[in-house]
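Here are my notes on the model you sent over. I have kept them as numbered points so that you can follow along in your viewer.

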Amino acid sequence: MPAPPQDARSRVARVVRCTPCGADAFVLELDPGEELAPVRASRFFMLRREDGTSPLVPRPFSLYRQQRGNLEFLIKAMGRGTRALVSAPAGSKVRLIGPLGNGWPTIDGDGPDWVMLAGGVGSAPFWMGIEQAQQGMDGKTPVRKQQVHLLFGAASSDLLYDFKGLAGLGVSAHAATMDGSHGHRGHVLSLLAQLQASGKVPERVRLLACGPERMLEATAHLAFERGWDAWLSMETWMGCGVGICNGCPIPTRAGGPRAGWPNVKCCVEGPVFHVREVDLARRVGAPT
Amino acid sequence: MARLSVQLGPLVLRNPVMSGSGTYGHGREMALMCPPRHLGAWVSKTVTLEPRPGNPMPRMAETEAGLLNSIGLENRGLEYYLSEILPSMRDLDTLVVTNIGAECVEDFGTLAARLDGEAAVDALEVNLSCPNVGGGRLPFSTDARMAAAAIGRVRAATKKPLFAKLSPNVSDIASIACAVEAAGADGITAVNTLLGMKVDWRSRRPALATVQGGYSGTGIKPVALRQAWMCCKAVKIPVIGCGGIASADDALEFMVVGCRAVQVGTSNFSDPSAIGNLAQAIEHALDQACIADLEQWIGSFDNPRALAGA
């Protein structure tokens with residue numbers, strides 16, 4: 001059965017600082033106590049406060065940035081688990097389990113351009129994705145600035161978490177807000193259509209997407225319609241992150257490369273899946 | 001650590017710490033998080049005769065003091081377990097307990113017969129009590145005759161040590177414990193999850209796709225402790241305590257009322273490496289309390305109310 005990655009460990013990290021980001025998110029910086037090898041973008045860690053103020057089960061977060069030996073996580077304060085983490089005082093201890101999951105595929109400079117579709121806090125795995133693609137991943141050709149198009153969508157401008165910082169990484173960056181308070185009015189896929197119509201993004205692209213489930217469903221639908229390669233960084237309710245609770249299944253696509261079993265474990269077989277591997281439509285109708 | 005070893009029916013465990021079925025993998029997945037030699041025994045996720053895809057999503061929901069799950073015994077079935085998983089377990093440096101589940105007596109017997117010849121399997125644990133199949137009807141753990149029938153069939157099919165995992169969702173667990181003892185069980189695991197549910201009153205929807213599920217974690221410890229104690233009093237075979245155990249104190253509470261070993265379940269999700277430190281923590285706690293002989297101390301619970309016939 002799929003096991004947690006070989007480099008995954010359970011350790012106690014120390015909170016360095018927690019800095020507000022946008023209207024409702026924070027960047028939690030942790031000192032893991034030892035230098036970790038560079039972590040592939042879109043891998044994740046499970047986090048839980050050690051002082052008893054977190055709920056029983058840790059929460060999964062993509063690594064946002066890895067610098068100076070520390071790990072940063074972009075956390076949107078939503079429920080008990082996230083609120084406990086973003087209120088952790090400097091110096092307090094956090095259980096840090098990871099790195100977990102597979103991460104983005106090789107983002108190379110040899111094929112069609114890449115379009116990164118970020119929805120709200122789903123922007124988290126793209127910061128390092130851009131950096132690593134520019135450095136070159138898995139020995140492949142690094143991407144050039146104009147080969148990556150970041151399309152960041154949110155309900156409003158204050159939920160475009162550090163858009164300026166992401167845009168400053170040297171890619172073609174575009175924002176979309178549902179209320180029109182910044183950039184294109186509408187969602188990221190209508191922005192993509194507009195950019196392609198105006199010739200700013202080529203007709204044939206490869207997609208990387210992370211964001212709300214409906215955005216991922218629409219991304220998968222578009223990728224099938226156009227015959228594009230697309231990878232989705234998925235989030236589900238996870239009880240453990242290491243493959244032992246069986247609580248995070250995602251249905252597999254009939255006829256796809258993982259069709260041998262009705263579902264995959266998001267945590268140890270993902271969280272990044274090619275659209276041919278999973279069937280998001282089969283998740284519709286489940287209570288949330 | 002020798003002083004921590006416990007006799008569990010025909011088995012000798014190097015320490016009383018076991019993993020709970022369904023909470024610590026199906027094979028060697030967790031060996032990097034917890035060296036197997038730190039465990040008294042490792043228990044598999046439930047194996048069924050045929051593959052089971054499991055229940056629809058969502059399968060898990062957190063509550064104020066625990067976790068609800070409705071996984072539905074997702075597993076790839078006995079043949080896959082025999083060919084793909086068991087071969088890698090032969091040299092695992094701890095005892096291997098294979099947990100089996102079925103919806104009819106015949107299947108329990110078939111599972112036990114097929115596993116009887118497997119050298120990698122040190123013991124069987126019979127899951128009589130999964131609340132997430134058959135709509136939570138729990139036929140084998142709420143009816144003493146059916147529990148005995150399942151255990152009797154397994155007993156006839158295997159010489160391996162045999163533990164019966166009971167449900168807390170009964171009014172008289174002692175009667176079930178006595179029935180499985182009479183049917184040939186070598187021990188009892190007490191207890192599986194409590195039936196529970198969670199709803200969102202605003203959306204008027206359940207948190208779990210199956211509406212109800214198994215409730216586990218810290219919140220169930222008092223209930224599990226009482227049920228385990230009831231079993232300890234009712235039978236002569238050893239009892240393995242299970243339910244909300246996360247710390248050395250939790251483990252020793254179950255052992256002082258008579259449990260000879262404990263299983264750690266839901267807390268593996270909070271920190272998958274913690275179970276590997278539990279035996280050492282138990283030893284430290286015993287040292288602090290100047291308890292030198294664990295075997296003598298197990299079950300030394302002093303209950304004045306019981307003496308008064310309460």
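**Notes on the predicted model**

1. Let me start with strand S13 (residues 230-233) of chain A, which is covered on both faces: Ala230(A) and Leu232(A) on one side, and Trp231(A) and Ser233(A) on the other, are all buried. Buried here means under 20% relative accessible area, exposed means over 50%, and partly exposed is in between, with a 1.4 Å probe and protein chains only. Helices (H or I, at least four residues) and strands (E, at least two) are DSSP runs, numbered from the N terminus.

2. Some ground rules before going further. This is a predicted model, in which local features need pLDDT of at least 70 and side-chain atom pairs count only at pLDDT 80 or more, while totals for chains, interfaces and linings use all residues. Residues are numbered from 1 along each chain as its sequence is written, chains are lettered from A and ligands numbered from 1 in the order in which they are written, and side-chain values use heavy atoms, with hydrogens and water left out.

3. Back to S13(A) and its neighbours. Strand S12 (residues 205-210) of chain A pairs with S13(A) in the parallel sense over 3 bridges; two strands pair if DSSP finds at least two bridges between them. Leu208(A) has Trp231(A) as its bridge partner in S13(A). Strand S16 (residues 272-274) of chain A also pairs with S13(A), in the antiparallel sense and over 3 bridges, and here Ser233(A) has Val272(A) as its bridge partner.

4. Together, S12(A), helix H5 (residues 213-226) of chain A and S13(A) build a right-handed β-α-β unit. Right-handed means that, with the strands pointing away from the viewer, the path from the first strand over the helix to the second runs clockwise.

5. A cis peptide bond joins Gly270(A) and Pro271(A), with omega about 10°. Pro271(A) is found in the loop between helix H6 (266-269) and S16 of chain A.

6. Elsewhere in chain A, strand S9 (residues 148-154) and strand S10 (residues 172-177) run parallel and are joined by 6 bridges. Within this pairing, Phe152(A) has Ala175(A) as its bridge partner. S10(A) is also joined by 2 bridges to strand S11 (residues 184-185) of chain A, again parallel, where Thr177(A) has Arg185(A) as its bridge partner.

7. Tyr64(A) counts as buried at 0% relative accessibility, and Trp127(A) counts as buried at 9%.

8. The rings of Trp104(A) and Phe126(A) are stacked, because their centres are 5.1 Å apart and their planes are at 25°. Both residues are buried.

9. Now for chain B, with helix H7 (residues 248-256). This helix is largely enclosed by the rest of the structure, because 7 of its 9 residues are buried. The buried residues are Ala248(B), Asp250(B), Ala251(B), Leu252(B), Phe254(B), Met255(B) and Val256(B). Just after H7(B), Gly258(B) takes a positive phi of about 125°.

10. Some backbone values in chain B deserve a look. The peptide bond from Ala190(B) to Val191(B) is cis, with omega near 15°, and Val191(B) lies in the loop between strand S10 (187-190) and strand S11 (194-197) of chain B. Arg204(B) is not a glycine, yet has a positive phi of about 60°; Arg204(B) is exposed, with a relative accessible area of 76%. Cys290(B), also a residue other than glycine, has a positive phi near 55° and is exposed, with a relative accessible area of 71%.

Methods
Phe/Tyr/Trp six-rings, centres within 6.5 Å; stacked < 30°, edge-to-face > 60°.
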